[in-house]
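Hi everyone, thanks for coming. Let me put the structure up, and then we can walk through a few parts of it together.

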Amino acid sequence: MKPWPTVKLGDVLRRVERFEPRDELTEYPFAGTYSFARGIFVSGRKLGSTFALPKIQRIHAGDFIYCKIMAWEGAFGIAPKETDNCVMSGAFVVYELNCERIDEKFLDYFFKVPDHWQSIGSQSTGTNVRRQSLHPSQFEKAEIPLPPLGEQRRAVARMEELAAQMHEARTLRQQAAEEAEALSASWLNSAFTTLAKKFARSLGDVTEIIGGGSLPDTTLVEEPSSDVLLLKVSDMNRPGNEVFIRDSAIGLPKNSPLLRGFRVLPPQSIVFPKRGGAIATNKKRILTKPTVLDPNTMGVFPKQESELCHEFLFNWFNNLDLASLQQGTAVSGCFELTDGGLGRQ
């Protein structure tokens, strides 16, 4: 097969400038570009008075558009139907396609290839990386492989067929994952139910249950450390703490005198919220470091003599709905989990 001939983008695209004075009292539909060549989108409506420049430009469905100052990050795309007659600022460069030479979808697929938009976007210039700009003259010099129009359309049909197959495969994989997760949860629930009937023990008999309290005052600490974590409910939402608690906003050295008199939970303890609305979030986490808990959290770990393994205990907790332990219909925050179950604050 012969390689496709190449042409400059400027040979198949014609730059258009549909600028008009903005009216401060008019509300305009505004469009933008996604990064990584993910296309053009309607971003909302804006009053003319919110635009920085005195002119705005109209775009039409089927235009090829890129953002001069974000080309390095792949801000390229074809305007879809829903963006027809939207407006954009002068930071965007707009082109009409020569539809007798290039197919709209062929051009769109070309720019969705990371190597292509990265190569063209890398022609941006400027001293500040985040504000580098791709001048239209540089963009128009970039080359694209361009077979005859019929071949372009056959290539597009094949790419859309492959895209549909990939979408179907992803959908099936997602469905399989969801079914496997449901089956796993069902099996675990069944397993724990069976085991509970045969080997049921009170949680208090086999674990230490520690309610949190006031944290050490760290306002005068000059060199914070993560040797011992000082855990708050908000720390459960920190990136990386989705299952295992690896860090917290504040911590102390293991030999800090501020830890005297505080109960330090060992690694592999299971922690969860114990007060108010946070209980309903049903978060359970595993500690990876020694930790002191604040008043809104509680921790559980196996007693040494119980021979209860941490993994089994965590799986049991994952099948426990903490919200179901709340009693009454009072407003969230009027109840708290205590070492012995649930009690009023």
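Let's start with a cysteine: is Cys309 buried, partly exposed or exposed? Cys309 has 36% relative accessibility, so it counts as partly exposed; buried means under 20% relative accessible area, exposed over 50%, and partly exposed in between, with a 1.4 Å probe and protein chains only. Cys86, at 3%, counts as buried. If a disulfide is a pair of cysteine sulfur atoms within 2.5 Å, the count here is 0.

A quick word on the ground rules. This is a predicted model, where local features need pLDDT of at least 70 and side-chain atom pairs count only at pLDDT 80 or more, while totals for chains, interfaces and linings use all residues. Residues are numbered from 1 along each chain as its sequence is written, and side-chain values use heavy atoms, leaving out hydrogens and water.

Now the aromatics. Rings of Phe, Tyr and Trp (its six-membered ring) pair if their centres lie within 6.5 Å, with planes under 30 degrees apart called stacked, over 60 edge-to-face and the rest tilted. The whole structure has 18 such pairs. In one of them, Tyr66 and Phe139 have ring centres 4.7 Å apart and planes at 35°, so this pair is tilted. Tyr66 is in strand E7 and Phe139 in helix H4, 73 residues apart; helices (H or I, at least four residues) and strands (E, at least two) are DSSP runs, numbered from the N terminus. Tyr66 is buried at 0% relative accessibility, and Phe139 is buried at 1%. Both belong to one aromatic cluster, whose members include Phe64 and Tyr95. Thanks, everyone!
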